[in-house]
Amino acid sequence: MQIVNLELDHYNFYSPSTGGVITDGEVLYDDEKSLLGYWLDEFWEEPHINKQYLEEMWQDYMANYSSLSAQETFINEFHSLEDFFTSVKFDNVIVFKITDRHPLTPTAYFVIDMNVY
């Protein structure tokens, strides 16, 4: 999947595919039909995933990640999520990585199926 990096002053995000609200900055609307799942960097091991096939891929990835040694886990921790996204091959699916300009706020990753309308 392609990752699009956005650095915004807010967390308002609408699906570029359907126009539906994904987050209004306060609430995450995880039932938006184009949203396959989302990850928050603070809780990257506990994503919200809407599609079974993506959940299965994530579980397989985490099983392999869990088998790493403690040193490898520490080294790879901050790159693992984006490694997962780039390893998954889906047509018409984009990951939107949204960071806030404030250094203490989390990064959010929204996986959007651009073929849903």
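I take contact to mean heavy atoms within 4.5 Å. With that rule I looked up Phe-84: leaving aside its neighbours within four places in sequence, it is in contact with Trp-39, Leu-54, Met-57, Trp-58 and Tyr-61.

**Ground rules**

I am working on a predicted model, in which local features need pLDDT of at least 70, side-chain atom pairs count only at pLDDT 80 or more, and totals for chains, interfaces and linings use all residues. Residues are numbered from 1 along each chain as its sequence is written, and side-chain values use heavy atoms, with hydrogens and water left out.

**Entry: overall layout**

I listed helices (H or I, at least four residues) and strands (E, at least two) as DSSP runs, numbered from the N terminus. The protein chain has 2 helices and 7 strands. In sequence order I read the pattern β-β-β-β-β-α-α-β-β.

Of the 117 residues in the protein chain, 38% are buried. Accessible areas come from the Shrake-Rupley method with a 1.4 Å probe, and for residues only the protein chains shown count as cover. The protein chain exposes about 7,100 Å², and carbon and sulfur atoms supply 50% of that area.

I also checked the range of the contacts. Among those between residues at least 6 apart in sequence, 52% join residues at least 24 apart.

**Entry: the sheet**

Two strands pair if DSSP finds at least two bridges between them. I found 5 strands in an open sheet, in the order β1-β6-β7-β4-β5, with mixed pairing. β1 (2–8) and β5 (48–49) are at the edges with a single partner strand each, so one side of each has no neighbour in the sheet.

I then went through the pairings of β7. β6 and β7 run antiparallel and are joined by 6 bridges. Within β7, Asp-113 stands opposite Val-93, and Ala-108 is the bridge partner of Ile-98. β4 also pairs with β7 in the antiparallel sense, over 5 bridges. Trp-39 stands opposite Tyr-109 in β7.

How many of the residues of β7 are buried? I count 6 of its 6, so the strand is mostly covered. Ala-108, Phe-110 and Ile-112 point one way from β7, while Tyr-109, Val-111 and Asp-113 point the other way.

**Entry: nonpolar cores**

By nonpolar core I mean a set of buried Ala, Val, Leu, Ile, Met, Phe, Trp, Tyr and Cys residues joined through side-chain atoms within 4.5 Å. The largest one has 20 residues, and those touching the most other members are Met-1, Trp-39, Leu-54, Trp-58, Phe-84, Phe-85 and Val-111. At least two residues of this core come from each of β4, α1 (52–66), α2 (70–87), β6 (93–100) and β7 (108–113). Which element gives the most to this core? It is α1, with 5 residues.

I noted a second, separate core of 11 residues, including Tyr-38, Phe-96, Ile-98 and Phe-110.

**Entry: salt bridge**

Side chains of opposite charge can pair when their charged atoms come close. My rule for a salt bridge is a side-chain nitrogen of Lys or Arg within 4 Å of a carboxyl oxygen of Asp or Glu. By this rule I count 1 salt bridge. The side chains of Lys-97 and Glu-82 form it, at 2.8 Å, N to O. Lys-97 is in strand β6 and Glu-82 in helix α2, so the pair ties together parts 15 residues apart in sequence. Lys-97 is buried, with a relative accessible area of 18%, whereas Glu-82 is partly exposed at 24%.

**Entry: loops and surface**

Asn-92 is in the loop between α2 and β6. Its phi is near 65 degrees, a positive value in a residue other than glycine. Asn-92 counts as partly exposed because its relative accessibility is 46%.

His-10 lies in the loop between β1 and β2 (12–14). His-10 is partly exposed, at 36% relative accessibility.

Last, I looked for patches, which are made of residues with over 30% relative accessible area and no salt bridge; like charges are joined within 9 Å and nonpolar side chains (Val, Leu, Ile, Met, Phe, Trp, Tyr) within 5 Å. Tyr-14, Val-21, Val-27 and Tyr-29 form a nonpolar patch on the surface, with about 320 Å² of accessible area together. Val-27 lies in the loop between β3 (21–24) and β4 (35–40), and it counts as partly exposed at 37% relative accessibility.

Key
Buried < 20%, exposed > 50% of the residue type's maximum accessible area, 1.4 Å probe, protein only.
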